[in-house]
Amino acid sequence: MGHKLVSSWFHLSSSVPLSYVQPPESRPAATAFAASGKAIPVVDLGGHDRAETLMQILRASEEYGFFQVTNHGVSHELMEDTLNIFKEFHAMPAEEKISESSRDPNGSCKLYTSREINNEGCIQFWRDTLRQFCPPSGEFMEFWPQKPARYRSLAMEDSLVLNTVLSQIQVL
């Protein structure tokens, strides 16, 4: 079963399956973004001019589709701990990852790869994805992975803090 995860394929083959090879015209150049002279838009939530903050969000959303947020109130420690726990999860053996993420019969927590999206002729992305719902109520938490040991507590703390940031943005 673990062979379904792309992270375990490097043991099976020395080449990338063709369905994962991006055509040259679709590949980003290593310096394309930097050469364009553009930078990722940054929105400072600590600013005092509500109208200006809203305009920055709108402009970034229209021109780029995303933006970086600063002064959001999320501690550096929480960001690092959360990133590290997700790295630990994805570093576990494939069978263990699958076992840890398949407790919910309804699939609210699911580990999958783009390989499962069977679109003939469609270029796939080389990634494994863990999907889990994170409502502030804690609903579905019982289906989240129990390993690594702090996974659930960190994922819940991160979810609650990010919900607060989202609320800050929504009330602008």
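This is a predicted model: local features need pLDDT of at least 70, side-chain atom pairs count only at pLDDT 80 or more; totals for chains, interfaces and linings use all residues.

User: Okay, how many helices and strands does the chain have?

Analyst: The secondary structure comes to five helices and four strands, and, read from the N terminus on, the elements run α-β-α-β-α-α-β-β-α.

User: And what share of the residues count as buried?

Analyst: Of the 172 residues in the chain, 28% count as buried. If you look at contacts with a separation of 6 or more, 60% of them are between residues 24 or more positions apart.

User: Now the helix pair, what angle do α3 and α5 pack at?

Analyst: Helix α3, residues 76-91, packs with helix α5, residues 151-170, at an angle of about 135°, and their axes are 10 Å apart. That angle makes α3 oblique to α5, and the crossing of the two helices is left-handed.

User: Which residues make that contact?

Analyst: From α3 the contact is made by L78, D81, T82, I85, F86 and F89, while α5 brings Y151, L154, E157, D158 and V161.

User: Switching topic, which residues touch the most other members in the largest nonpolar core?

Analyst: That core has 22 residues, and the ones that touch the most other members are L5, L45, F89, L111, L130, W144 and Y151. The elements giving two or more residues to this core are α3, α4 (94-100), β3 (109-113) and α5, with the largest share, five residues, coming from α5.

User: What does W144 touch?

Analyst: Leaving aside residues up to four places away in sequence, W144 touches E100, R103, C109, Q132, F133, C134, Y151, R152, A155 and M156.

User: What about K97, is that one buried or exposed?

Analyst: K97, which lies in helix α4, has a relative accessible area of 2%, so it is buried. Not counting residues up to four places away in sequence, K97 touches L5, S7, F89, H90, M92, L111 and D128. K97 and P145 are 48 residues apart in sequence, but their C-alpha atoms are 8.1 Å apart in space.

User: And I57, where is that found?

Analyst: I57 is found in helix α2, residues 50-63, and counts as buried because its relative accessibility is 12%, under the cut-off of 20%. Apart from residues up to four places away in sequence, I57 touches V43, F67, I169 and L172.

User: Now the backbone, which residues does the cis peptide bond join?

Analyst: The cis peptide bond joins K147 and P148, with omega at about -5°, and P148 is found in the loop between β4 (128-132) and α5.

User: I also noticed N71, what is its phi?

Analyst: N71 has a positive phi of about 50° although it is not a glycine, and its place is in the loop between β2 (68-70) and α3. With a relative accessible area of 52%, N71 is exposed.

User: And what about the phi of F140?

Analyst: Phi of F140 is near 80°, which is again a positive value in a residue other than glycine. F140 is found in the loop between β4 and α5, and is partly exposed, with a relative accessible area of 26%.

Note on methods
Residues are numbered from 1 along each chain as its sequence is written. Side-chain values use heavy atoms; hydrogens and water are left out. Axes are lines fitted to C-alpha atoms, for helices over the stretch in contact, and angles run from 0 to 180 degrees between N-to-C directions. Angles under 35 degrees count as roughly parallel, over 145 as roughly antiparallel, 65 to 115 as roughly perpendicular and the rest as oblique. A crossing is left-handed if the near helix is turned anticlockwise from the far one by less than a right angle, and right-handed if clockwise. Contact means heavy atoms within 4.5 Å. A nonpolar core is a set of buried Ala, Val, Leu, Ile, Met, Phe, Trp, Tyr and Cys residues joined through side-chain atoms within 4.5 Å. Buried means under 20% relative accessible area, exposed over 50%, partly exposed in between (1.4 Å probe, protein chains only).
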